[in-house]
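Subject: Structure handover

Hi,

Here is the structure for your files. My notes follow below it.

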Amino acid sequence: MNVTEMKESDLDIVVELEKQCFKQPWNKEQCLYELQENPFSTGYLLKEDDHIVGYAFLWITFEIAQLARIGIDPACRNKGCGTYLMDALCKQAREAQSEFLSLEVRESNQAALKLYEKLGLIPVNVSKNYYPDGENAVVMSMAL
């Protein structure tokens, strides 16, 4: 497996993975905004044998790195892909001299919560009705 920076030409695959991974997937315009207009955002791809199996958008804003989005192909879950990608994102954040990594995750997403806790993130807050369908988000953070 390897992690590379996302390019605009990767967005069709990323958007398809978004649809498989999220109840409210980002569309191509939202992903393109992250690549071209958000000055704090970088897109990353996780590839296995040149096949995209995961992706993420990481915002680096000075001392804080925010995981804006991460998705792993459902067919590739429970095989270490999420851990591998998260480790690479943490490395990028450390290299950018970020002091903390934070993220929001659906309260019902037990698999993601377990992964993030295994990696050292701790729940620090609950954002009530965070998602458009009214579900709460667990805010998690870790020192880098």
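This is a predicted model: local features need pLDDT of at least 70, side-chain atom pairs count only at pLDDT 80 or more; totals for chains, interfaces and linings use all residues.

Accessible areas here come from the Shrake-Rupley method with a 1.4 Å probe; for residues, only the protein chains shown count as cover. On that basis the protein chain has an accessible surface of about 8000 Å². Carbon and sulfur atoms hold 49% of that surface.

Ground rules. Residues are numbered from 1 along each chain as its sequence is written, and side-chain values use heavy atoms, with hydrogens and water left out.

Confidence. Mean pLDDT for the protein chain is 96, and 100% of its residues reach 70 or more. By element, β7 has the highest mean (98) and α4 the lowest (94).

Overall form. The protein chain has 4 helices and 7 strands. These are DSSP runs, numbered from the N terminus: helices are H or I with at least four residues, strands E with at least two. The order along the sequence is β-α-α-β-β-β-α-β-α-β-β. The C-alpha trace spans about 35 × 35 × 30 Å along its principal axes. Of the 144 residues, 44% count as buried, meaning under 20% relative accessible area (1.4 Å probe, protein chains only).

Strands. Two strands pair if DSSP finds at least two bridges between them. β1 (residues 2-5) and β2 (residues 41-48) pair in the antiparallel sense over 4 bridges. There, N2 stands opposite K47 in β2. β2 also pairs with β3 (residues 51-61), again antiparallel, over 8 bridges. E48 faces H51 across that pair. The β2-β3 hairpin has 2 residues between the strands, and D49 takes a positive phi near 55 degrees.

Cores. A nonpolar core is a set of buried Ala, Val, Leu, Ile, Met, Phe, Trp, Tyr and Cys residues joined through side-chain atoms within 4.5 Å. The largest has 27 residues, and M86, L89, Y116 and L121 have the most contacts inside it. Elements giving two or more residues to this core include β4 (64-72), β5 (100-106) and α4 (110-118). α3 gives the most, with 6 residues. A second, separate core of 12 residues includes M6, L17, C21 and Y55.

Contacts (heavy atoms within 4.5 Å). Leaving aside neighbours within four places in sequence, M86 touches L67, I70, L101, L103, Y116, L119 and L121.

Best wishes

Note on methods
Buried means under 20% relative accessible area, exposed over 50%, partly exposed in between (1.4 Å probe, protein chains only). pLDDT is the predictor's confidence in each residue, from 0 to 100.
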